[in-house]
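This report describes how two chains meet in a structural model and then turns to the overall form of one of them. Please have the sequence and the structure open while reading.

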Amino acid sequence: MSLRPLISSLTRHKLTVLLLVLQVSLTCAIVCNVVFMIANRTAQMRQSSGLVEDELVTIESIGLDENENSLARHAADLAALRNIPGVTAVAAIDALPFNGNDWSNGIATAPNVDTDLTATAYDGTPGELATLGLHLVEGRDFLPDEYLPMDSAHDWAGINRVPVTIITRALAERLFPRQSALGKEIYPGDNPVRIVGVVDHLLRPHLREAASNDYSTLFPMLPDSNDVTYVLRTAPQERERVLKQMADALNRLDGNRVLRQAQTFSQLRADFFRRNRTMIGLLLAAAAGLLFVTALGIAGLASFWVQQRRRSIGIRRALGATRNDVLHYFQTENFLIVSGGIVLGMLLAYALNMVLMTHYELPQLPFLYLPIGAVLLWLLGQGAVLGPALRAAAVPPVMATRAD
Amino acid sequence: MFGYYLALALRSLKRSKVLTALMILAIGLGIGASMTMITVLHVMSGDPLPGRSAQLFVPRLDALPLERSKTSKDSAPNGNLTWPDAMNLLRAHQADRQAAMVAGSAPIRPAQGSLRPFFQPGHYVTADFFPMFGAPFRAGSGWTAQDDEQRARVVVLNAELNRKLFGDTPGIGRTVRLKNTDFRVIGVLDDWYPQPTFYAQVNDRSFGKTDQFFLPLQTALDLKFDFSGNFMCWGNGSSGRTSDHCTWLQFWVQLDNPAKAQSYRQFLGDYWREQQTHGRFPRPADAQLYGLMDWLTRQQVIPSDLRLQLWLALGFLGVCMVNIVGLLLAKFLRRSGEVSVRRALGAQRRDIFLQFGIESAVIGLAGGVLGLAIAELGLWSVRQRPDGYAQLAQMDAAMLLGTFALAVCASVLAGLLPAWRACHIAPALQLKTQ
């Protein structure tokens with residue numbers, strides 16, 4: 001089929017065609033970026049925390065007796081929690097991924113150097129690694145004689161005395177590129193701390209720029225303030241029961257405290273990403289709405305044109321055009337218009353992405369999105385035009401003899 | 001003539017019911033989504049203290065060492081001051097009123113045995129806080145600067161906590177045990193929740209009900225109460241609350257006229273240079289003074305997700321508009337024959353324009369009504385979010401009118417181009433070709 005009559009017919013509806021091209025291109029630009037944002041947020045939500053998330057239950061306990069010995073209190077609490085049937089490991093810790101309780105220190109590799117590089121300090125009782133299920137890729141766990149109190153009463157001065165640390169692989173690679181971090185020293189406080197182990201992942205309590213999300217350090221420091229979080233590890237199906245029993249176990253021991261955040265780690269994660277889920281829902285709705293409206297526009301215009309051209313279609317049929325010829329005519333016409341929209345849309349998509357990159361910390365749109373977006377819009381266009389095109393194909397040749 | 005055109009419009013719309021319905025749906029969805037987000041952002045960018053906000057300022061001093069980059073998120077200056085700086089500014093008395101403050105949360109231990117201890121968010125502030133922000137008292141009052149110096153154990157409760165502890169009568173003179181210390185209630189606020197909680201660090205809890213109690217800052221520091229919020233230190237040495245290289249306090253001043261604001265700026269610059277002679281503030285003097293509304297904008301009190309949602313909704317409306325323009329254009333041009341006849345019979349261009357303009361306006365009006373319903377639905381869904389701003393998402397009269405104005409403007413604008421094209425159809429020429 002020759003394209004020339006088709007194009008010359010389109011030029012008679014310049015304004016309408018232009019509007020349709022504009023609509024397709026705007027849709028293309030917005031949908032490409034929206035889908036990219038959805039992918040980004042989904043990736044964010046899927047970030048591995050490094051923990052055995054579906055086996056953990058947590059509770060925060062805040063002792064109200066100012067004079068009690070926190071270390072003894074925590075030890076007694078841990079013993080009681082360990083006795084709950086089904087609990088395989090427990091630890092008292094000061095922070096967890098997603099709980100927002102972030103104590104970050106500047107990490108230098110030489111003394112008395114001020115640095116922009118910060119990493120979260122995770123401190124806990126012996127067994128923290130086993131309880132959280134952290135995966136040690138190099139080195140060893142802490143030894144019993146390496147533990148000391150955090151000294152939270154004196155501005156967490158334990159950080160200046162702690163001998164060893166375990167850091168995440170991301171931090172190790174940032175500090176010591178292309179070499180083993182084991183045995184190297186860092187300065188989170190005033191004095192050097194030797195790295196004895198490297199864990200695969202340990203996400204920080206709240207997320208920042210992607211690169212630094214996994215910059216964490218573990219210290220063999222015992223939480224010794226009256227505010228502490230207990231983490232219990234158990235089989236996934238036992239979590240609900242353990243959740244119910246742990247508050248009782250603690251209150252039986254000493255009721256002079258406030259317990260809060262009794263939840264599974266999965267709940268903690270879900271709460272943390274709640275806004276992200278809302279946003280993904282809205283983005284999906286927006287993308288669906290845009291595609292729907294554009295399909296509506298294409299179908300609407302096509303059916304107007306079919307009605308307008310009934311007589312000329314009849315003439316073509318009378319002159320020997322088959323139903324398929326008519327069908328293909330409308331399909332090709334749609335393909336041309338949508339293609340025009342896609343070309344303009346690609347440029348707009350990149351322009352929009354630039355704006356989003358500067359204002360919303362969105363990375364660059366990968367090239368792959370463009371062909372996918374193009375195919376999607378071509379399919380949408382063909383789907384929307386099919387109905388009117390079939391109606392056009394059904395116009396009988398006898399229409400040629402009738403006036404509109 | 002208007003009635004006749006209206007009848008014509010309705011007849012024409014009836015002829016293609018499905019298409020008309022879809023056009024109304026498209027414009028309704030676009031308007032509804034946009035109005036939902038415009039309303040949410042409108043209520044969130046409101047003035048938390050109407051009538052007072054113009055006199056309130058945040059001074060910003062940057063005591064960071066030179067090597068800290070300003071761009072890194074972790075060390076970007078957030079307006080927080082160190083303890084010595086806050087105390088120096090407080091004692092300098094260079095503003096009409098000034099107060100230092102920080103957020104915290106403390107366990108409340110009710111005297112009644114039936115209530116278990118519970119945590120409440122509160123604020124540790126200095127005396128000028130209440131008169132400077134015009135906090136409304138239901139009973140009693142705040143404390144004095146002398147109370148601050150003497151570390152008085154007094155507390156101001158917000159109405160909700162007062163109700164929980166003492167019922168409906170203000171508990172003035174009674175005792176509340178916070179953490180491990182007894183405090184005497186000297187004032188009860190009248191459900192005071194400025195939206196956003198502008199005086200605190202801006203974060204995702206800036207909207208909604210927050211502070212339930214207020215204590216003198218020095219008292220809280222003496223008693224080692226727990227503070228919340230960003231606490232940032234640099235360099236070596238002790239990183240205690242009173243050290244001069246840890247920022248964590250918010251500071252507000254009241255300056256009644258621009259001349260005073262100008263001289264306060266001058267004072268801040270002098271303070272910076274004076275501190276430099278003591279070896280502090282290594283950066284070149286660049287003291288800033290931000291007005292309340294300016295400060296909220298700079299601190300991005302409106303979450304970027306919400307701004308993104310607004311742009312998304314407006315983009316959607318834009319596509320809907322282009323869609324309607326295209327459909328109306330095709331529709332009007334299809335009636336070229338009819339227009340030609342009317343023109344040949346003496347109708348003028350502006351008659352044709354009016355006729356089609358009315359037809360677009362009918363669609364716009366219907367879309368506006370639908371958009372209003374969708375916006376109400378959208379706001380309802382926003383209110384279901386557990387965020388602090390959720391309860392603010394209500395449509396007021398101005399927004400209601402705005403929705404209609406937007407709907408009619410949008411559709412009349414959308415109808416303008418097609419109607420203009422249609423009224424340029426030459427009389428009778430169309431008749432000849434048929």
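Which residues in α8(A) meet which residues in α2(B)? In this predicted model, A:G289, A:V293, A:L296 and A:G300 are the residues of α8(A) that meet B:L19, B:L22, B:A26 and B:L29 of α2(B). By class, this helix contact comprises six nonpolar and two polar residues, with no charged residues. The crossing in which α8(A) passes α2(B) is left-handed.

Taken as a whole, the contact between the chains draws 39 residues from chain A and 46 residues from chain B. On the side of chain B that touches chain A, two or more residues come from each of α2 (17-44), β3 (97-109), β4 (118-125) and α10 (304-334) of chain B, and α10(B) gives the most, with 19 residues. The residues on that side of chain B fall into the following classes.

| Class on the side of chain B that touches chain A | Count |
|---|---|
| Nonpolar | 20 residues |
| Polar | 16 residues |

Chain A itself has eleven helices and 13 strands, and its C-alpha trace spans about 100 × 50 × 30 Å along the principal axes. Its radius of gyration is 32 Å, whereas a compact globule of 404 residues would have one near 22 Å. Of the 404 residues of chain A, 41% count as buried. Among the contacts in chain A between residues at least 6 apart in sequence, 82% join residues at least 24 apart.

Note on methods: Residues are numbered from 1 along each chain as its sequence is written. Chains are lettered from A and ligands numbered from 1 in the order in which they are written. This is a predicted model: local features need pLDDT of at least 70, side-chain atom pairs count only at pLDDT 80 or more; totals for chains, interfaces and linings use all residues. Two residues are in contact if their C-beta atoms, placed from the backbone, lie within 7 Å. Helices (H or I, at least four residues) and strands (E, at least two) are DSSP runs, numbered from the N terminus. Ala, Val, Leu, Ile, Met, Phe, Trp, Tyr, Cys and Pro count as nonpolar, Asp, Glu, Lys and Arg as charged, and the others, Gly among them, as polar. The radius of gyration is taken over C-alpha atoms; the globule rule is 2.2 Å times the number of residues to the power 0.38. A residue is buried if 20 or more other C-beta atoms lie within 10 Å of its own, exposed if 12 or fewer, and partly exposed in between; C-beta atoms are placed from the backbone. A crossing is left-handed if the near helix is turned anticlockwise from the far one by less than a right angle, and right-handed if clockwise.
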